[in-house]
Amino acid sequence: MEKEKKNKGLRNIVFLGLISCFADISSEMVYPIIPLYLTAVLGTTPAIVGVIEGIAESLASLVKVFSGYISDKYQNKKKLAFCGYCTGFIYKIALLVSTSWVGILIARVIDRFGKGIRTAPRDVMVAESTEDNLGTSFGIHKALDMLGSAIGILLSLLILKYFGDSISSYKKIFIVSIIPIVIALFFFIFVKENKNRVQTKKENIFKNVDKLDNQLKLYLFVAVLFTLGNSSNSFLLLRAQDVGYTSTHVILLYFIYNIVCSLLSIPMGKKSDKKGRKGILVKGYLLFSLVYLLFGLGSNKISILLAFVLYGFYTAMIAGVEKAFISEISPKYLKGTMLGLHGTLVGIALLFSSVIAGFLYEYVGSYAPFLLGASLSFITALILQFGLKEQKMDLVK
């Protein structure tokens, strides 16, 4: 009976991972070419790229906490996640008809708004699919997620390689990217939602923040501080272009980053289950500091290539592990709300970080936003090292 229950849970995690996989094939086919499309085709500046990314990410992130709260209160996680993924289809249509950076901004807001709706309920379904080994579960999901990103990038690269770096090639990528998002929506048929696992308490969390675990509040603060220096990945792509990589080679670098992350996500998740989350998180933030130093001070192609590889290591160390940490330290009846709150706070910080990075990149130097990010990441690593307790978070709320 217990084995059957675990198998059903694993099956659910895999299908949720496949949904993310195909959705990311769709989104990552277009994401790495957006900054190139904006600057090379539409003639916008890096500062405008920063404004677009900052507005899109932050405005959409505002809905994450409400989406998580609604999924906790009404136990409608599957419906919310499905609606969130549906915006991926609308996003591609919006890209096709856009003729200016304003149109791209609207398209990006639509896409990120959908991510804001789906992320928290989907992550709660992953957490509720297993009794333990949350790090491994989120690692499996992240591995499939990043595998989809890598496939999407590779498809984008092949199209650019075959048809050339032109506006018609970009449009072809937008069209082809519609297919995998439709497949992702189909996989929802196989996802099972457990609506009876947690009895929701009628409690307004926004008026009772002081009741949250101090470790959770510390991590939320650290996440915000870190994000102020963690600007959009668009600037990594622009930086690679600055040192001499062509558009297709820039996309190939982004492909390498995603592959590295996909391969390491499960091992990192398993390691956090066995040895605790703190060590992985602290080392991850220290590694990010090194990565951004390489992006900021590296002046040749080799250093930028190494930075993208190490960036994949960092993402594998942090992305799934922090979700596992937040899930197990949050009150059981508020997992969605807390995961959503984390996304919302990070999104608000990302508005400032991307806008600041855009202006630093253009008016101070391409190195400037990366030195800022490296400094803040090092500080957050120190805060976690001395402020976060090293323990197995097996709390019952």
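Begin by selecting K270, K271, K274, K275 and K283, which together form a positive surface patch (a patch takes residues with over 30% relative accessible area and no salt bridge, like charges being joined within 9 Å; a salt bridge is a side-chain nitrogen of Lys or Arg within 4 Å of a carboxyl oxygen of Asp or Glu). What you have open is a predicted model, in which local features need pLDDT of at least 70 and side-chain atom pairs count only at pLDDT 80 or more, while totals for chains, interfaces and linings use all residues. Residues are numbered from 1 along each chain as its sequence is written, and side-chain values use heavy atoms, with hydrogens and water left out.

Helix α12 (residues 247-275) supplies the largest share of this positive patch, 4 residues (helices are DSSP runs of H or I, at least four residues, numbered from the N terminus). Within α12, select K274, which is exposed at a relative accessible area of 73% (exposed means over 50%, buried under 20%, and partly exposed in between, with a 1.4 Å probe and protein chains only).

Next, select L59, L62, I348, F352, I356 and L372, which make a nonpolar surface patch of about 480 Å² (nonpolar side chains, namely Val, Leu, Ile, Met, Phe, Trp and Tyr, are joined within 5 Å). Its largest share, 3 residues, comes from helix α15 (residues 335-363), where F352 is found, partly exposed with a relative accessible area of 47%.

Finally, turn to R112 in helix α6 (residues 101-128), which counts as buried at 12% relative accessibility. From R112 to V63, the C-alpha to C-alpha distance is 9.8 Å, although the two are 49 residues apart in sequence.

Note on methods
Accessible areas come from the Shrake-Rupley method with a 1.4 Å probe; for residues, only the protein chains shown count as cover. Lys and Arg count as positive and Asp and Glu as negative; His and the chain ends are not counted. The place of a charge is taken as NZ of Lys, CZ of Arg, CG of Asp or CD of Glu. Helices (H or I, at least four residues) and strands (E, at least two) are DSSP runs, numbered from the N terminus.
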